[in-house]
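Here is a short briefing on charged side chains.

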Amino acid sequence: MQGNVGRDTRPEVAFRRALYAVGFRYRKHNRPEPTLRVRADVVLVRARVFVFVDGCFWHGCPEHFRLPSKNAEWWRSKIDRTIARDRAQTDVLLSRGWTVIRVWEHVAVHEAVAAVGRVVLPRITYRAVRHRSAALGRTAMEVDSAEGC
């Protein structure tokens, strides 16, 4: 299991590329609060959204996970611990005001990006910045987006 990659997997990289292509800016493998021991695959800090791209095998996908026949008891225990850890991490993040999105690796990239967009886009804040232009004498509106969308 030493050779298994823990970050920058193909589904994760494809998801990040698509997210970037539609204009989202994010941090990867980031711990935004020093006391959190959780690192997500994608963190949209200003929108307070954590996105995890979970592998079907390692995280026990209800649709695709199939228990190996060799050493089945050990694998069942390992996958159960991973699922319990995922739930605990989600609970901690929710209690601290973060939104958690978990995307299975089998989900189409465009669907995953759309799901993130449905959560993040309503969080875009608009703030009116009133300033007087000496030449024009009008009020200007400045748009401040949550993640540069």
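**Charge pairs and a positive patch**

Asp 54 and Arg 102 join their side chains in a salt bridge, at 3.0 Å from N to O. The two are 48 residues apart and link distant parts of the chain: Asp 54 sits in strand S2, Arg 102 in strand S3 (residues 99–104). The model is a predicted one. The count of salt bridges comes to seven.

- Asp 54 counts as buried because its relative accessibility is 5%, under the 20% limit.
- Arg 102 has 27% relative accessibility, so it counts as partly exposed.
- Salt bridges link Asp 54, Arg 85, Asp 86 and Arg 102 in a network.

**A pair within helix H1**
- Arg 16 and Glu 12 form a salt bridge through their side chains (2.6 Å, N to O).
- These residues lie four apart in helix H1, so about one helical turn separates them.
- Both Arg 16 and Glu 12 are buried.

**A pair between loops**
- The side chains of Arg 48 and Glu 33 form a salt bridge at 3.4 Å, N to O.
- This pair links distant parts of the chain, 15 residues apart: Arg 48 is in the loop between S1 and strand S2 (49–54), and Glu 33 is in the loop between H1 and S1.
- Arg 48 is partly exposed, at 31% relative accessibility.
- Glu 33 is buried, with a relative accessible area of 18%.

**The positive patch**
- Arg 7, Arg 31, Arg 37 and Arg 39 form a positive surface patch.
- Arg 39 lies in the loop between helix H1 (10–21) and strand S1 (42–44).
- With 44% relative accessibility, Arg 39 counts as partly exposed.

Methods
Residues numbered from 1 in each chain as written. Predicted model: local features only at pLDDT ≥ 70, side-chain atom pairs only at ≥ 80, totals over all residues. Heavy atoms only, no water. Patch = residues over 30% accessible without salt bridge, like charges linked within 9 Å, V, L, I, M, F, W, Y side chains within 5 Å. Areas by Shrake-Rupley, 256 points an atom, 1.4 Å probe, with all protein chains shown as cover. Salt bridge = Lys/Arg side-chain N within 4 Å of Asp/Glu carboxyl O. Lys, Arg positive; Asp, Glu negative; His and termini not counted. Charge placed at Lys NZ, Arg CZ, Asp CG, Glu CD. Buried < 20%, exposed > 50% of the residue type's maximum accessible area, 1.4 Å probe, protein only.
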